[in-house]
Amino acid sequence: MSVQILTNTLLIAVLLVWISTRQLSWRAVRVDSVWRFPAILAIVGVVVTASQYGSLVLAPIDVAAVLVEAAAAVAVGIAMGRIAMLRSTGGTVETRTGWWGVALWVVFIAVRVGMDVAAARLGSDLAASTGLIIVMIAVNRFARAAVLVHRLRRDAAVEVEAARSRV
């Protein structure tokens with residue numbers, strides 16, 4: 001087993017456990033900070049990818065693999081944002097996705113691993129890189145955050161309109 005495969009497996013396991021734990025617990029959500037984690041992941045992923053493949057010439061299979069993985073990351077992120085439960089507690093909005101969120105993570109990782117295997121067999125070096133894994137998780141978290149922020153703003157607008165109609 002190569003060091004990169006071992007690193008990727010360990011990274012996926014750690015992120016899956018950490019994010020799954022967060023999916024199952026209620027966590028305060030603020031519109032101004034919901035973008036921080038995906039932004040940090042994206043920066044780390046790009047830096048790791050650039051350090052591994054600074055002079056890599058992208059083949060068509062690399063581009064195709066990245067596009068398919070990004071589409072899967074966005075689709076699962078949108079689904080996570082849509083299924084997220086929201087509750088208001090003492091002026092704070094909290095969210096969680098529960099076991100459905102964990103199931104979506106498993107689907108996302110299965111698609112990611114399947115793409116790695118298929119792209120590697122077709123000659124892609126980039127598809128299985130640790131940096132790209134981190135970038136795709138960031139893409140997923142950005143999509144989830146976008147849906148969540150939209151829902152929070154929509155719900156706030158509905159509450160304002162309801163308050164106006166009561167006056």
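The largest nonpolar core has 19 residues, and Trp105, Phe108 and Ile137 are the ones that touch the most other members. A nonpolar core here is a set of buried Ala, Val, Leu, Ile, Met, Phe, Trp, Tyr and Cys residues joined through side-chain atoms within 4.5 Å, with buried meaning under 20% relative accessible area, exposed over 50%, and partly exposed in between (1.4 Å probe, protein chains only). Four helices, α1 (3-24), α3 (60-83), α4 (98-121) and α5 (130-166), each put in at least two residues of this core, and α5 gives the most, with six. Apart from this core lies another one, of seven residues, with Val34, Ala145, Val149 and Leu152 among them. In soluble globular proteins, nonpolar side chains tend to be buried together.

Some ground rules before going further. This is a predicted model, so to speak of local features takes a pLDDT of at least 70, and side-chain atom pairs count only at pLDDT 80 or more, while totals for chains, interfaces and linings use all residues. Residues are numbered from 1 along each chain as its sequence is written, and side-chain values use heavy atoms, with hydrogens and water left out.

As for the overall layout, the protein chain has five helices and three strands, which come in the order α-β-α-α-β-β-α-α along the sequence. Helices (H or I, at least four residues) and strands (E, at least two) are DSSP runs, numbered from the N terminus. Of the 167 residues, 36% count as buried. With a contact taken as heavy atoms within 4.5 Å, residues 24 or more positions apart account for 84% of the contacts in the chain with a separation of 6 or more. The accessible surface comes to about 9,500 Å², and carbon and sulfur atoms hold 69% of that area; the areas come from the Shrake-Rupley method with a 1.4 Å probe, and for residues only the protein chains shown count as cover.

Leaving out residues up to four places away in sequence, Trp105 touches Leu16, Ile19, Gln23, Met80, Ile137, Asn140 and Arg141. Asn140 sits in helix α5 and counts as buried because its relative accessible area is 0%.

On to the charged side chains. A salt bridge is a side-chain nitrogen of Lys or Arg within 4 Å of a carboxyl oxygen of Asp or Glu, and by this rule there are four. One of them pairs Arg112 with Glu69 at 2.8 Å, N to O. This pair ties together distant parts of the chain, with Arg112 in helix α4 and Glu69 in helix α3, 43 residues apart. Arg112 counts as buried because its relative accessibility is 4%, and Glu69 is buried too, at 2%. Arg112 also forms a salt bridge with Asp116, where the closest N and O atoms are 2.2 Å apart. Because Asp116 and Arg112 are four residues apart in helix α4, about one helical turn separates them. Asp116 is buried as well, with a relative accessible area of 12%. Taken together, Glu69, Arg112 and Asp116 form a network of salt bridges. Not counting residues up to four places away in sequence, Asp116 touches Glu69, Ala127 and Ala128.

Another salt bridge joins Arg87 and Glu94, whose closest N and O atoms are 2.7 Å apart. Arg87 counts as partly exposed at 35% relative accessibility, whereas Glu94 is buried at 16%.

Finally, the surface. Leu58, Val63 and Leu67 make a nonpolar surface patch of about 280 Å². Patches are made of residues with over 30% relative accessible area and no salt bridge, where like charges are joined within 9 Å and nonpolar side chains (Val, Leu, Ile, Met, Phe, Trp, Tyr) within 5 Å. Val63 belongs to helix α3 and is partly exposed, with a relative accessible area of 38%.
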